[in-house]
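This report describes the fold, the cores and some local backbone features of one protein model. The sequence and the structure come first, and the notes follow by topic.

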Amino acid sequence: MTGVPDFVDAVAGFATGVVVLTVRDGRDDLGTTVTSFMSVSLDPPLVVAGVATSSYLTEVLTRQPRWAATVLSASQRALAGRFASEGRPSARILLASTPHHRGEHSDALIPELGQFAIECETRQTIDAGDHTLFVAETLSTDYITQQQIPLIRVNRRYLEDN
């Protein structure tokens, strides 16, 4: 039987898109980079995002059901890094030099220039080991930019030429 390090190495080889989740919590804006994100249903339009259960963002997402997900483009690699860093500041500070706007339905900050952005409302949470899965209905598609190349992560790094 293989151990946890083998599992981590195995799943690191699975190519995935890179998503920034953002949520407004009162006067503050929070966000994080996730690679555990997927669509699960077309009718109704549902997505699932996995967030570390121990994170403050999970606590906020359990209180604030509306949030935004932006699938990043290859040109947003630095933005992905900023939202993934430990001890990161407010999403407002992380997006200060980047085009962004507030979502009409979620009031969350939405980075522009990504592949697409959607606004969501959590319908169900599922405890899944060290992560919490947020199953959410898509309230609106904020934008779609098909001419952008997606930001892809595989083997613990971003693809340079995707």
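A residue is called buried under 20% relative accessible area, exposed over 50%, and partly exposed in between. The model discussed here is predicted. D107 has a relative accessible area of 32%, so this residue is partly exposed. D107 sits in the loop between strand 7 (100-102) and strand 8 (109-111). Its phi is positive, about 65°, although D107 is not a glycine.

L113 is another non-glycine residue with a positive phi, here about 75°. L113 belongs to the loop between strand 8 and strand 9. With a relative accessibility of 46%, L113 also counts as partly exposed.

Seven strands form an open sheet in the order 3-2-6-9-10-5-4, with antiparallel pairing. Its edges are strand 3 (28-34) and strand 4 (37-42), each of which pairs on one side only. On average, neighbouring strands of this sheet are turned by 35° against each other, direction ignored. In general, the strands of a sheet pair through backbone hydrogen bonds, either parallel or antiparallel.

Strand 2 (residues 19-25) pairs with strand 3 over seven bridges in the antiparallel sense, and V19 has V34 of strand 3 as its bridge partner. Strand 2 is also joined to strand 6 by four bridges, again antiparallel; here V20 has T70 of strand 6 as its bridge partner. Strand 6 in turn pairs with strand 9 (residues 116-128) over six bridges, in the antiparallel sense. Within strand 9, E121 stands opposite R66.

How many residues of strand 6 are buried? Five of the six are buried, so strand 6 is largely enclosed by the rest of the structure.

## Helices on the sheet

Strand 2 and strand 3 pair in the antiparallel sense. Helix 2 (residues 56-63) packs on the sheet and touches strand 2, strand 3, strand 5 (45-52), strand 6 (66-71) and strand 10 (131-144). The direction of helix 2 makes about 60° with that of strand 2.

Helix 3 (residues 77-84) also packs on the sheet, where helix 3 touches strand 2 and strand 3. Its direction makes about 110° with that of strand 3.

## The nonpolar cores

Which residues of the largest nonpolar core touch the most other members? They are L21, F37 and W67, in a core of 19 residues. At least two residues of this core come from each of strand 2, strand 3, strand 5, helix 2, strand 6, strand 9 and strand 10. Leaving out residues up to four places away in sequence, F37 touches V19, V47, V48, A49, A69 and I118.

Another core lies apart from the largest one. This second set has 12 residues, including A80, F83, L109 and L151.

## R88 and its surroundings

R88 is located in the loop between helix 3 and helix 4 (91-94). Its relative accessible area is 28%, so R88 is partly exposed. The side chain of R88 reaches two backbone oxygens: that of S85 at 2.8 Å and that of F83 at 3.2 Å.

Not counting residues up to four places away in sequence, R88 touches G31, T32, R82, F83 and L94. R88 and S73 are 15 residues apart in sequence, and their C-alpha atoms are 21 Å apart in space.

An open sheet of three strands has the order 1-11-12 and antiparallel pairing. Strand 1 (16-17) and strand 12 (157-158) are its edge strands, each pairing on one side only. Strand 11 (residues 152-154) is joined to strand 12 by two bridges, and these strands run antiparallel. In this pair, V154 stands opposite R157 of strand 12.

## A cis peptide bond

The peptide bond from D43 to P44 is cis, with omega near 5°. P44 lies in the loop that runs between strand 4 and strand 5.

Notes: Residues numbered from 1 in each chain as written. Predicted model: local features only at pLDDT ≥ 70, side-chain atom pairs only at ≥ 80, totals over all residues. Heavy atoms only, no water. Pairing = 2+ DSSP bridges. Axes fitted to C-alpha atoms, helices over the stretch in contact; angles between N-to-C directions. Contact = heavy atoms within 4.5 Å. Buried < 20%, exposed > 50% of the residue type's maximum accessible area, 1.4 Å probe, protein only. Polar contact = N/O pair within 3.5 Å; in protein donor to acceptor, adjacent residues only side chain to side chain. Core = buried A, V, L, I, M, F, W, Y, C linked by side-chain atoms within 4.5 Å.
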